[in-house]
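Open the model in your viewer and keep the selection tool at hand.

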Amino acid sequence: MTGLAFYEEDQFIGFALVVLYSAFVYLYYLAIDPDKRSSGYGAKALKALEDEYPDSAIVFEMEAEDPDRPNAKQEYVSICEMDLIFPAGIFITIKY
């Protein structure tokens with residue numbers, strides 16, 4: 001397992017734990033500082049992983065959360081448009 005930390009300038013934003021396989025990279029855990037959420041940092045972290053492992057598909061699971069959350073609709077749109085943001089090499093499984 002490999003850990004990666006995400007910073008903006010000197011400010012800690014979050015971290016990821018990944019498991020490297022020959023055919024893909026499994027994103028085991030992604031955490032973004034609660035004060036930084038809903039600001040695009042999760043998408044930036046995924047892009048950084050894509051840049052770090054350009055020859056590997058990135059695979060992760062996402063748990064469905066409470067649809068009554070204030071930003072639930074925004075997150076759903078982001079998930080649906082993920083293939084536009086990350087054209088190839090990222091696969092998502094959403095757990096319901």
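Helices (H or I, at least four residues) and strands (E, at least two) are DSSP runs, numbered from the N terminus. This is a predicted model, in which local features need pLDDT of at least 70, side-chain atom pairs count only at pLDDT 80 or more, and totals for chains, interfaces and linings use all residues. Residues are numbered from 1 along each chain as its sequence is written, and side-chain values use heavy atoms, with hydrogens and water left out.

Select residues 2-8, strand β1, and residues 11-20, strand β2. The two run antiparallel and are joined by seven bridges; strands count as paired if DSSP finds at least two bridges between them. Within this pair, Leu 4 is opposite Ala 16 of β2.

Next, select Glu 9, in the loop between β1 and β2. The two strands form a hairpin with two residues between them. Glu 9 is not a glycine, yet its phi is positive, about 55°. Is Glu 9 buried or exposed? Glu 9 is exposed, at a relative accessible area of 78% (buried is under 20%, exposed over 50%, partly exposed in between, with a 1.4 Å probe and protein chains only).

Move to Ser 38, in the loop between β3 (24-32) and α1 (41-52). Its phi is also positive, near 65°, and Ser 38 is partly exposed at 46%.

Finally, select Leu 27. Leaving aside neighbours within four places in sequence, its contacts (heavy atoms within 4.5 Å) include Ala 16, Val 18, Leu 49 and Phe 60.
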